[in-house]
Amino acid sequence: MSERYQQYIDGEWVDGAGDETFESRNPATGERLGEFYRGTPDDVDAAVSAAADAYEEWRALSRIDRAEYLWDVYHELRARTDELGAVVTKECGKEISEGRADVVEAAHMVEWAAGDARHPNGDVVPSEIAAKDAYMRRKPRGVTGCITPWNFPIAIPYWHMAIALVEGNTVVWKPAEQTPRCAQIVAEMFDDAGIPPGVFNMVQGFGDAGNAIVQDDRVPTVLFTGSAEVGHLIADTLGGESGRRAACEMGGKNAVVVTEKADLDIAVHSAVMSAFKTTGQRCVSAERLVVHTDVYEEFKRRFVEAAREVAVGDPLQEETFMGPLVEAEHREKVTSYNDLAREEGVDVLVDRTELDAEEIPEGHEDGHWVGPFVYEADPDADLRCTHEEVFGPHVALLEYEGDVGRAVEIQNDTAYGLAGAIISEDYRQINYYRDYAELGLAYGNLPCIGAEVQLPFGGVKKSGNGNPSAREIIEAVTDRTAWTLNNSKEIQMAQGLSAEIKTDEDN
Ligand code: UN1
């Protein structure tokens, strides 16, 4: 009998109001990883009440005292990196170096947030009037709803929660339904740290629980990382309610541009990493390779060879490059996009949609396997497969002629604008791309994955306004006050405005 894992509300482990449960399974083997109580809107209601009640006391602590709880979490993340990395790999299928990197990234975000507690906070701003002291100060906003995806099941929850908590907010968190075991560990860490009841709450479950957070007007801030479909619904709901704010970070149809001046070793290496790491399931993964005609044939030959050979298999093995997709429905989605590409008449170069039986490791027959799917398409054709995000190892080669301006035009021909890369040895091409590619995250001579927490993160256009990196998330979870204090007995105004009160008797 495996254990039934609970939810964490108001400092207690609870079954919740409903009696339904759901399971987590290893996407590489089908092995059951645990059974979890499924959170309901009533559980969200209880969690939001607890978070609202805990808020006054939590915000009254100093930032440094609040950060002490995060330092405990940080040390646990560091001490348990290998163990937790393996849990990440078992639950979401990323290969083991990626499972580990997820935990390391979480530790980096917690370190940044807790370390920031001792840094200057706000600005001293000049006033026209010498006797006035002006400052920009920040205040927490209250209960923060956090809705996080499965592909970074330890890192992204801390992107949202570490800074929200240090800044004085309380949290109601709904983790992805695909990775409840990882979420359980995150909640245990806050519990181990002795965080005061109600400051951190976790409601496990599905979209109905997430939606209850979004609909609750006691939650002024919602942070969301995930699909564009859900993110835009959240942004629309909160955008229409004054005082509420949504910061949503969503996907992309990201591209790597390879110009005629590219070093092709760097180009092929970057393209393989961008397209196939995490089996294409990063919001920053590339599904388009925009390649200059002069180097097209050679790039194509080398990329196709790599895509044929790249090792798909048991994600717990160091030799594996690509693990399985996260779940059966996702495999169906990726497969149907591969079918769609064929229907749209593209030239398929590599089709490992169905792996050969000998490629599937023993005991892994129930895994959600898919290998690379690579095709050539016309960059000017209005195809769904080259414009919609698939979130899998589904990659289009798009050949272009002309200058870098043309490559950037193709790069920008998407509703999204998250991540991208240019491969070139020519600084003028690189700088043109830097200035005109419509992206939040852009790289030169690198893959378009692998952002670090201290850099800005986030996209433009349909990719969202979430900016959930260490520096930027502060804007989402705080309100600013421009605070001015007069040191004089006399009231003096800026802009030459008269402060004199004139009466009828003066005239
Ligand atoms: C995501 O793809 O969902 O830039 C987040 C990266 C990571 C974060 C990606 N640090 O690849």
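Just after helix α6, Gly-194 takes a positive phi of about 75°. Helices (H or I, at least four residues) and strands (E, at least two) are DSSP runs, numbered from the N terminus. The model is predicted: local features need pLDDT of at least 70, side-chain atom pairs count only at pLDDT 80 or more, and totals for chains, interfaces and linings use all residues. Residue numbers start from 1 along each chain as its sequence is written.

The expected span of a helix is 1.5 Å times one less than its number of residues. The helix is mostly covered, with 10 of its 13 residues buried. A residue is buried if 20 or more other C-beta atoms lie within 10 Å of its own, exposed if 12 or fewer, and partly exposed in between; the C-beta atoms are placed from the backbone. Among the buried residues of α6 are Pro-180, Arg-181, Cys-182, Met-189 and Phe-190.

Two strands pair if DSSP finds at least two bridges between them. β1 and β5 (residues 32-37) pair in the parallel sense over two bridges. Tyr-5 stands opposite Phe-36 in β5.

## The seven-stranded sheet

Another open sheet has seven strands, in the order β15-β16-β17-β14-β13-β18-β19. Its pairing is mixed. The edge strands are β15 (347-351) and β19 (441-444), and each pairs on one side only. Neighbouring strands are turned by 20° against each other on average, direction ignored.

Strands β14 (residues 286-292) and β17 (residues 394-400) run parallel, joined by five bridges. Val-290 stands opposite Leu-398 in β17.

Which strands does helix α9 lie across? Helix α9 (residues 264-276) lies across β13 (254-258), β14, β17 and β18 (419-423). It runs at about 165° to β18. Helix α13 (residues 427-436) also packs on the sheet, touching β13, β18 and β19. The direction of α13 makes about 165° with that of β18.

## Helix α11: two faces

Helix α11 (residues 328-343) has 16 residues. From first C-alpha to last, α11 reaches 22 Å, close to the 22 Å expected at 1.5 Å a residue. Its buried residues are His-330, Val-334, Tyr-337, Asn-338 and Ala-341. Seen down the axis of α11, these fall within an arc of 100°, so they line one face of the helix. The arc is that of the directions from the helix axis to the C-beta atoms.

The buried residues of α11 pack against β16 (373-377) and β17. The face turned away from the buried side carries exposed Glu-329, Glu-332, Ser-336 and Glu-343. Just after α11, Gly-345 takes a positive phi of about 85°.

Is Asp-236 buried or exposed? Asp-236 counts as exposed because it has 10 C-beta neighbours inside 10 Å. Asp-236 sits in helix α8 (residues 228-239).

Ser-488 lies in the segment after β20 (478-486). With 10 C-beta neighbours inside 10 Å, Ser-488 counts as exposed. Ser-488 and Asp-10 are 478 residues apart in sequence and 48 Å apart in space, C-alpha to C-alpha.

## The whole chain

The protein chain has 14 helices and 20 strands. Of its 507 residues, 52% are buried. Residues 24 or more positions apart account for 74% of the contacts with a separation of 6 or more.

Along its principal axes, the C-alpha trace spans about 90 × 65 × 40 Å. A compact globule of 507 residues would have a radius of gyration near 23 Å, and the chain has 25 Å, which agrees. The radius of gyration is taken over C-alpha atoms; the globule rule is 2.2 Å times the number of residues to the power 0.38.

Note on methods: Axes fitted to C-alpha atoms, helices over the stretch in contact; angles between N-to-C directions. Contact = placed C-beta atoms within 7 Å.
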